[in-house]
Amino acid sequence: KQWYQRRVAITAGIPCVVVPDPVNGMWSEWASFTECSAPCGLGITIRARSCSNPAPAFGGQNCEGDSSEEIECDSGPCPVDGNWSDYSAWSECSESCGGGFMERSRNCDSPASENGGNPCEGEA
């Protein structure tokens, strides 16, 4: 806060008050931008300033313009967890008569894990 003293002068026996000149407000420096609002992908970051350098006083004008500013930020790609594709069709039996086996498979590509996402769980 700014403090001032009123000076009282006596001129020809009549008291008068000396009023300080108006002080127009001025903006402070911008603060740093906040952390991006999104942990990954697009988000918003904000910075602010105040009308306090000096603050308006004695009938002075307020600061003109905005006290905050926001811009888009990009925190980089989001992790993508892997997911299994559907199983393939069963293969032909490995034996034509008794004791054979059939196989089928699936891939971890629906989608594949990316950007630190978790891999598929279980067997292909």
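Mentor: Start with Glu 69, which is partly exposed at a relative accessible area of 29%. Buried means under 20%, exposed over 50%, and partly exposed lies in between (1.4 Å probe, protein chains only). This is a predicted model: local features need pLDDT of at least 70, side-chain atom pairs count only at pLDDT 80 or more, and totals for chains, interfaces and linings use all residues. Residues are numbered from 1 along each chain as its sequence is written, and side-chain values use heavy atoms, without hydrogens and water.

Trainee: Which residue forms a salt bridge with Glu 69?

Mentor: A salt bridge needs a side-chain nitrogen of Lys or Arg within 4 Å of a carboxyl oxygen of Asp or Glu. Here the closest N and O atoms are 2.5 Å apart. Glu 69 lies in strand 4 and its partner in strand 3, so the pair ties together parts 22 residues apart in sequence. The partner is Arg 47.

Trainee: Is Arg 49 buried or exposed?

Mentor: Arg 49 sits in the loop between strand 3 (42-48) and strand 4 (68-74). Arg 49 has no salt bridge; Asp 66, the nearest side chain of opposite charge, is 6.8 Å away. Its side chain does reach the backbone oxygen of Asp 66 at 3.0 Å. Arg 49 is buried.

Trainee: Over the face of which residue does Arg 49 lie?

Mentor: A charge sits over a ring if NZ of Lys or CZ of Arg is within 6 Å of the ring centre and within 35 degrees of the ring normal. Arg 49 is 4.1 Å from the ring centre. The residue is Trp 27.

Note on methods
Helices (H or I, at least four residues) and strands (E, at least two) are DSSP runs, numbered from the N terminus. Lys and Arg count as positive and Asp and Glu as negative; His and the chain ends are not counted. A polar contact is a pair of N or O atoms within 3.5 Å; within protein, one must be able to donate a hydrogen and the other to accept it, and residues adjacent in sequence count only if both atoms are side-chain atoms.
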